[in-house]
Amino acid sequence: MQVIPLRRPWTWAASVLVVLIAAGVAWSVATNPAFGWPVVAEYLFHEQILAGLIRTLELTVTAMLLGLVLGTALAIMRLSDNKLLSTLSWLYIWFFRSVPVLVQLIFWYNFGALYAHITLAIPWGPVLYSASTNSVITPLTAALAGLGLAQAAYTAEVIRAGILSVPSGQTRAAKALGMGPATIFIRIVFPQAMRVIIPPVGNEVISMVKGTSLVSVIAMADLLYTAQLIYARTYETIPLLIVASLWYLAVVSILSIAQHALERHYGRGA
Amino acid sequence: MQVIPLRRPWTWAASVLVVLIAAGVAWSVATNPAFGWPVVAEYLFHEQILAGLIRTLELTVTAMLLGLVLGTALAIMRLSDNKLLSTLSWLYIWFFRSVPVLVQLIFWYNFGALYAHITLAIPWGPVLYSASTNSVITPLTAALAGLGLAQAAYTAEVIRAGILSVPSGQTRAAKALGMGPATIFIRIVFPQAMRVIIPPVGNEVISMVKGTSLVSVIAMADLLYTAQLIYARTYETIPLLIVASLWYLAVVSILSIAQHALERHYGRGA
Amino acid sequence: MTEPMVRIRGLRKSFGTKEVLCGIDMDVQAGSVMCIIGPSGSGKSTLLSCINHLERIDGGRMWVGGELVGYRERAGKLYELPERKVAKMRARIGMVFQQFNLFPHMTALQNIIEAPIRVKRQPPAEARAKAMVLLERVGLADRAAAFPSQLSGGQQQRVAIARALAMEPQLMLFDEPTSALDPELVGEVLAVMRDLAATGMTMMVVTHELSFAREVGDDLVFMADGLIMERGSPRTVLANPREPRTREFLSRVL
Amino acid sequence: MTEPMVRIRGLRKSFGTKEVLCGIDMDVQAGSVMCIIGPSGSGKSTLLSCINHLERIDGGRMWVGGELVGYRERAGKLYELPERKVAKMRARIGMVFQQFNLFPHMTALQNIIEAPIRVKRQPPAEARAKAMVLLERVGLADRAAAFPSQLSGGQQQRVAIARALAMEPQLMLFDEPTSALDPELVGEVLAVMRDLAATGMTMMVVTHELSFAREVGDDLVFMADGLIMERGSPRTVLANPREPRTREFLSRVL
Amino acid sequence: QQPALQPGADPALAQQADPALVKMVPADVAGKPFTVAIALGSPPDDFRNEKGEIVGWEIDILRAATQSLGLGLELRPTTFDTLIPGLQAKRFDAATGQMGVTVVRLKVIDMVGMLTSNELFAAYADSPIQVKTLDDLCGITVATTRGSREMVFAEEHQSKCAAAGKKPINALAFNDGNGAAEAMMSRRADLFWLGSTAVSYFIAQSKGRTKIVGSYTDTSYIGVALPKGSPMAPLLQAAIQHLIDNGTYTKIVTKWGLEKGAIKHAPLNPTNVEK
Ligand SMILES: Nc1ncnc2c1ncn2[C@@H]1O[C@H](COP(=O)(O)OP(=O)(O)OP(=O)(O)O)[C@@H](O)[C@H]1O
Ligand SMILES: Nc1ncnc2c1ncn2[C@@H]1O[C@H](COP(=O)(O)OP(=O)(O)OP(=O)(O)O)[C@@H](O)[C@H]1O
Ligand SMILES: [Mg+2]
Ligand SMILES: [Mg+2]
């Protein structure tokens, strides 16, 4: 006897409707002069826009790396039996999740207003190192510190959740094989935690791509800020925002594909 | 025979060092005139600052609720067997994670420049509803749309990871008891997914508290922007940023405690 | 002869290209206990899952209590029912899994009352009273407030049985209910099942506990490769298996 | 009499206020198989975990291969060793768990070669060659590339044994290695363990498989409430238990 | 170290170092470039041109002034939020970006006046609104920028609206001129109100869709900011005065069409400004 799976006729109707609506929106967007498509085309590959894009990518990669490495360390500290380490980590996460990145950027950039010199000295002893703050903290340093230190606090929470999701039997088995704590973390716990970690970290990376535009407060021109600088001159606000958005769409698409691939990689064996 | 656990002498030394350093930093911060503590005291409970704080909290709560509800729906759609739903959800997540919130805010706020009227009509048929765009999309609507729709995309990814972390045996057992899909999700899957969901959603909420300051592009004054408005007049930038940061510290502290309590609640039985 | 509680005719089920059930015919009389044995991968779990439509089938028909399972027949074709109607049917069939699958975030009592309240819309007080009776019956009245993680495997499985019984099913499916238990704890679960059989509950039990099958089972089938190889009364089959496959299997398990 | 491979004197261990091991004395001769039986919660797993210092102890001393486990003795006190030194000692003791605990993100082969490469710094090629020999020995040479999720329970447990053997341990600890297995799959794991005992490996085996204990075990202890209640040769203890607790336990398991 | 002609520099405005001024420069400042942070705002005050160069009338004045002092000029584009902390941190020697001089601000920084400003109102070409006095703003939504003098004017006028029994002015403070202009273009705001220079430029860009519907003039200054007590403040004042005296100042204001606001004396911390 023939078996017929449940049919959902409205699925087809809805599919058609969705395609029709999508086509309508696309047509309306393409033909509405307010979107300024010629201007979009003119600026899409504009030299300044591309420079901003590269700056965005640079900052994202370096700040995210800093965030991941430091965040992993913080997560391990947070879960450690050592009260001192876990308290320190808790304080760090609390503080750096609280203070807006904008404030942190301004703070690092203008550290010199607060402390004109950075001095490394033994208390009541000789000075080991001293330099003008502004020479040590360049705008790039300030940007990476502001973005990366805050990112580490967020990443730490995500990684902590991931580590907690790995059954304790895994650690016991690895210990019983004579593995040291570092090997256990790197080879056994972390790869399994990745399954839970990847989607939220994907979010964080994608947020960071756009979050880099905060560095405009310390005079660094990322993709979005570059677009803003251009429309500040030409008042072609919407077309230039579309230019920036198209690039963001491209970057996020690539990142989403990477995320998908990583999820597959770390999902293997499950 | 007496058994002595491993002692870590450097832990004590480090603890003392950390406390000393913390005391030093606190002293230096308290006495450095550049921080402008009298100005901080003057503005901490300033009427405008408090109004900005309330606006921040309002926006956070409503946008986050929108994000959670819509994000949950998107996550369920994304994991559904129905190709149409999962594709739609994928497209939504892709688009709204890609376009910067700033752009979305500007877009929604200035929708009137693109489409002066919003019209609901049957194609080639009668007009059902028509109104001026600005009367439909108030600044608050624009702010909530800009923040909430994007938040939904991020939340969806986190919730998806959480749902996937619940063993399929749970769903089978619930189905075998005759529970319907909604009951299974609400009573069985979601509470278990929460363990994995809470830390990253905690991140998202805390980001949102500060992320609301993006609404300054549409002239809405949240906490941070209120501080900025004040120092734009008085040029007392650092003290006012400290005022804002102190409030953020307070809010994030409360949220961290709430996160901790939720983690404990949903961790019960584990 | 009355209408059997479970009637299965020509049941076929594949995963991908692999045929897991290759045409199963089976009757389970109301009030009887049907035991199913067979090597790993022979399709025993899949068979149970098809009976309460946790899996879609690819061919054949099944009736539980005289009603077609998961499908509606029209013009010589089977049309799958919507999830809502399937759920209603599942509520009349209890199922106990090898891995217990208790809800870890609920106490023993909450595990039991959840479905009666949500599915049958029993008033909570009534559900709780009935649940306490069931917990008493499986010998766990004092552990009502314990979370699954605080219970031993045998205790968890007894809660799982109480949970299924709380829906007052016409039919109980057991999928290797003692396989994940330490030998010491097997006895307590089998005792509960024995009591249940004595009350006249219709049961289908996949098990490796041959002594249980011999004692409690009314019928026994031996499955291999998605087919029923041998059937009969447990005593006969276990003592004098006709098929060589059955003999080989029994020698390995005993 | 030579120095025993495992010597335990006055071992005590508490979790919180609950004393789980209340003074255990035990010797396991090199090349012998020590079986441990006892009811759930009697401290069998905890005992094994103390032997390779997966748990801290609260009193007493233990030697494996003549070396004090996890501690250094000085001036009548035991000082815990740093993690690094403990790891070195653990590498000389293999352990097999009830729940297998294979690494799910690695294939069978990768599970086996991981520790030899990372801990013993074996060249990967050598480790792989040795692993293949071990897989052959446990009868799984053709499943080297399978992930644990693609293996049956019995196969997983055999990989777990091979994984422990790859470290070439002096002593193997087995914690109910067959309890989580379907009866059908128990035999294949016990066969591997039997072979291992025949090669002269020193083994401590917590098990409910009394026939295995009788056949393979050189010594048997019965534990209850954190104490060794009875010890002797398996045949004697199982046939003629002296203690009433032992008798009661055996009646429930058999 | 200093290139012959910086990007964006106008050769017609190049200055020789003035010996009298050079003599005044303290030894620890001489030889180092004078760093100026700019909040890149709306044209023509200070903005990036098509080539990405920083230009504007404020830039022209500061470049000519530093040349007269024999100093190099180093521009540090940034946003408003870092201007003041940066000055206080001595990251920059000066800061500019259409900064109005007010009594409140003078408590925190020193300022040298460079121009008196007036403000214009822009609206859609079809708008019926005409602004003759600030009373005409009561009950109307105006878009301007945060920290702008316009915000201060609007706030001070609220009481007068209330006294006249009219609705208050709804003044929206945007991050920048573009946000304000865009709000007017999407009819969120009735008027776009900013410095005349910015509004004129915007009207020119809007290709006839907008028009000027009124102006407001007061006598306060736009200036360059320096850290409180900076020894460079009187020097810069002298240098700008030198430009006024030698006619370069006139060339610059004419070039940018700002003759109306031109000043005769460059004041340091002028007190005749609004509160
Ligand atoms: N969801 C699935 N997808 C693909 N194959 C499956 C799935 N579930 C079961 N199978 C395959 O179907 C076959 C029968 O599985 P089933 O679980 O019914 O066997 P079983 O008799 O219950 O065995 P066991 O005693 O090991 O539980 C096996 O070969 C199994 O690999
Ligand atoms: N990490 C722990 N924290 C607290 N109590 C524990 C812990 N591990 C074990 N116990 C307790 O110690 C006692 C002995 O446990 P153990 O696992 O050693 O028993 P066992 O003899 O192996 O039992 P089983 O046969 O069930 O495995 C039990 O009462 C158990 O609840
Ligand atoms: Mg099965
Ligand atoms: Mg145990």
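The exercises below, each with a worked solution, concern a predicted model.

**Exercise 1.** Determine in what order the strands of the open sheet in chain C are arranged, and which strands lie at its edges.

*Solution.* Begin with the pairing: 4 strands make up the open sheet of chain C, and they follow the order β2-β1-β4-β5 with antiparallel pairing. Next, look for strands that pair on one side only, which identifies β2 (18-28) and β5 (67-68) of chain C as the edge strands. Then examine one pair in detail: strand β1 of chain C, residues 6-15, is joined to β2(C) by 8 bridges, the two running antiparallel. Within this part of the sheet, Leu11(C) is found opposite Ile24(C) of β2(C).

**Exercise 2.** Describe how helix α1 of chain C is placed relative to the strands.

*Solution.* Locate the helix at residues 44-51 of chain C, and note that α1 lies across β1, β2 and β4 (59-64) of that chain. Its direction can then be given relative to β1(C), to which the helix runs at about 115°.

**Exercise 3.** Work out which rotation relates chain B to chain A, and through which surface the copies meet.

*Solution.* Superposing chain B on chain A takes a rotation of 180° with 0.0 Å of shift along the axis, and leaves an RMSD of 0.2 Å. That is the relation of a two-fold axis. To place the axis, take the C-alpha atoms of chain B, among whose residues Pro200(B) comes closest, at 3.1 Å. Finally, 100% of the interface residues of chain B are interface residues in chain A as well, so the copies meet through the same surface.

**Exercise 4.** Carry out the corresponding analysis for chain C and chain D.

*Solution.* Chain C is superposed on chain D by a rotation of 180° with 0.0 Å of shift along its axis, at an RMSD of 0.0 Å. The residue of chain C that comes closest to this axis is Ala180(C), whose C-alpha lies at 2.7 Å. The same surface serves both copies, since 100% of the contact residues of chain C recur in chain D.

**Exercise 5.** Characterise the surroundings of ligand 1 and its polar contacts.

*Solution.* Because the surrounding residues come from chains C and D, the site is shared between chains. By element, the largest share of the shell, 3 residues, comes from α1(C). Turning to oxygen atoms of the ligand, a polar side-chain atom of Ser40(C) lies 2.5 Å from one, while a polar backbone atom of Ser42(C) is 3.2 Å from an oxygen atom of ligand 1. A backbone N or O atom of Gly43(C) lies 3.0 Å from a ligand oxygen atom. Of the 640 Å² that ligand 1 exposes when taken alone, the protein buries 62%.

Terms used: Residues are numbered from 1 along each chain as its sequence is written. Chains are lettered from A and ligands numbered from 1 in the order in which they are written. This is a predicted model: local features need pLDDT of at least 70, side-chain atom pairs count only at pLDDT 80 or more; totals for chains, interfaces and linings use all residues. Side-chain values use heavy atoms; hydrogens and water are left out. Two strands pair if DSSP finds at least two bridges between them. Contact means heavy atoms within 4.5 Å. Axes are lines fitted to C-alpha atoms, for helices over the stretch in contact, and angles run from 0 to 180 degrees between N-to-C directions. Copies are superposed by least squares on the C-alpha atoms of residues with pLDDT of at least 70 in both. A residue is near a molecule or strand if one of its heavy atoms lies within 4 Å of it. A polar contact is a pair of N or O atoms within 3.5 Å; within protein, one must be able to donate a hydrogen and the other to accept it, and residues adjacent in sequence count only if both atoms are side-chain atoms. Accessible areas come from the Shrake-Rupley method with a 1.4 Å probe; for residues, only the protein chains shown count as cover.
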